[in-house]
Amino acid sequence: MAASPRTPGRPAPRPTAPGRDREAGGPGSGRSPAGGARRLPKTPGTATGGRRPRVLVLRALGLGDLLAGIPALRALRRGFPGHEVVLAAPAELEPLAAATGAVDRLLPASAPGRAVPGGLDWTGPAPEVAVDLHGNGPPSHRLLADLGPGRLFAFAHPGTPEIEGPPWYAEEHERDRWCRLLRWYGVDADPTDLRLPRPPGPSPAPGAVVLHPGAGSPARRWPVDRFAAVAGTLLARGHRVVVTGGADEGDLVATLAKRAGLPDTDVFGGGLPHDRFSALVAGARAVVSGDTGIAHLAVAHGTPSVTLCGPVPPSRWGPPPDEPRHRALWHGTEGDPHGRRPDPALLRITPEEVVDALDALPGPPPPR
């Protein structure tokens, strides 16, 4: 482990008031789903006894957030080999948490948007270590501190001066940020440790180019007619093209499929189960999407990808810049990632540019 400028063993500070509001304004959603933590498949080389001390990690966010947090989770797994690592995250991410090989249990926890959960259904003794990988403000800090952990790893914030963590840098890449947090506390972390093992099942569309038009907000959704133009060019060249979308993106997926003239067999809307979705991405010729979860999944599987960035630059959420399998297209200044219409930077990307980026990608990686 790297040397720490602070003593990692200091007790966690006790808050003066419970934090049950958003990281940036407004109330949270209340308690997480009942039922306690879910045991994941045993991590090779580790014990799974109920008496082990526990590390609780808060990252109750989405698919892309969990994928960006893989290096930090693996660093905690290595740094605390005798502990049980419990991840507080949305229940639907349980298969992905298991695939990282770094998590022993998932504690279901979520809130609307990027809010902090109003509570955690934690049972038993307090965690020996609690780690805030969710945000940098008092709500997430206090949510963990309320459990009375022996140690609390978190960024410093004026609203919680009792926490002497490292400073938060807004312009830092998401993978680098959380690894830097852990290194400050003496836990060695490598932001490039982000690859996932190949899924066990076959791809439902091996060798296809996957187009994913959805994203978490309209500001990050490239227009569907431009996706259709890319699909038309690829189909004319003889490529198989498939379209995917989340559970609430059925209309968007159907519109793209209709405009591109895709058969029903090449339409994967409605939110595929994780194993099938992961197999589709891992077995794809390439993935084209906005800055959203599937882009991070392509990076994790080493699948060539083109990520359409805007309004957030790739320096904060994009693929590794020195990796030739991945191209991030970006034309602009930073805007509002929660805007109600496509960001101007995103609209500067043309279908022709996307096709050129696809042409410049290497072939798919060899089987692992």
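Author: A crossover is right-handed if, with the strands pointing away from the viewer, the path from the first strand over the helix to the second runs clockwise. In this predicted model, β3, helix α3 (residues 94–99) and β4 make a right-handed β-α-β unit of that kind; helices (H or I, at least four residues) and strands (E, at least two) are DSSP runs, numbered from the N terminus.

Reader: Before we go on, what should I know about the numbering and about how the model is treated?

Author: Residues are numbered from 1 along each chain as its sequence is written. As this is a predicted model, local features need pLDDT of at least 70 and side-chain atom pairs count only at pLDDT 80 or more, while totals for chains, interfaces and linings use all residues, and side-chain values use heavy atoms, with hydrogens and water left out.

Reader: Fine. How many helices and strands are there in the protein, and what share of its residues count as buried?

Author: The protein has twelve helices and twelve strands, and 55% of its 368 residues count as buried. Buried means under 20% relative accessible area, exposed over 50%, and partly exposed in between (1.4 Å probe, protein chains only).

Reader: Back to β3, then. Which strand does β3 pair with in the parallel sense, and over how many bridges?

Author: Strand β4 (residues 105–108) pairs with β3 in the parallel sense over four bridges, where pairing requires that DSSP finds at least two bridges between the strands. Within that pair, L106 of β4 is the bridge partner of L87. On the other hand, β2 is also joined to β3 (residues 84–89), by five bridges, and these two strands run parallel as well; there V55 stands opposite V85, and L87 is the bridge partner of V57.

Reader: Which residues cover the two faces of β3?

Author: E84, V86 and A88 lie on one side and V85, L87 and A89 on the other, and all of these are buried.

Reader: And why is β2 described as largely enclosed?

Author: Because five of the five residues of β2 (residues 54–58) are buried, the strand is largely enclosed by the rest of the structure. R54, L56 and L58 are on one side of it, with V55 and V57 on the other. Four bridges also join β2 to strand β5 (residues 129–132), which runs parallel to it, and in β5 the bridge partner of L58 is D132.

Reader: What do the buried residues of α4 pack against?

Author: They pack against β2, β5 and β6 (151–153), in the sense of contact, meaning heavy atoms within 4.5 Å. Helix α4 (residues 138–145) is itself largely enclosed by the rest of the structure, because eight of its eight residues are buried; among them are H141 and R142.

Reader: Changing topic: in what order do the six strands form an open sheet?

Author: The order is β9-β8-β7-β10-β11-β12, and the pairing is parallel. β9 (267–268) and β12 (326–329) stand at the edges with a single partner strand each, so one side of each is left without a neighbour in the sheet.

Reader: How is β7 joined to β8 and β10?

Author: Three bridges join β7 to strand β8 (residues 241–244), with V243 as the partner of L211, whereas β7 and strand β10 (residues 286–290) pair over four bridges. In β10, L211 has V288 as its bridge partner, and H212 has S289. Both faces of β7 (residues 209–212) are covered, V209 and L211 being buried on one side and V210 and H212 on the other.

Reader: Which helix makes a β-α-β unit with β7 and β8?

Author: Helix α6 (residues 224–236) does, and the unit is right-handed. α6 lies across β7, β8, β10 and β11 (305–308), running at about 170° to β7; axes are lines fitted to C-alpha atoms, for helices over the stretch in contact, and angles run from 0 to 180 degrees between N-to-C directions. α8 also packs on the sheet, touching β7, β8, β9 and β10, and its direction makes about 145° with that of β8.

Reader: How do the axes of α8 and α9 come together?

Author: The axes of α8 (residues 274–282) and α9 (residues 293–301) come within 9 Å and cross at roughly 65°. F277, S278, V281 and A282 in α8 meet I294, L297, A298 and H301 in α9.

Reader: Last one: is R177 buried or exposed?

Author: R177, found in helix α5 (residues 174–184), counts as buried because its relative accessibility is 3%. Not counting residues up to four places away in sequence, R177 touches F155, W168, Y169, A170, E171 and E172.
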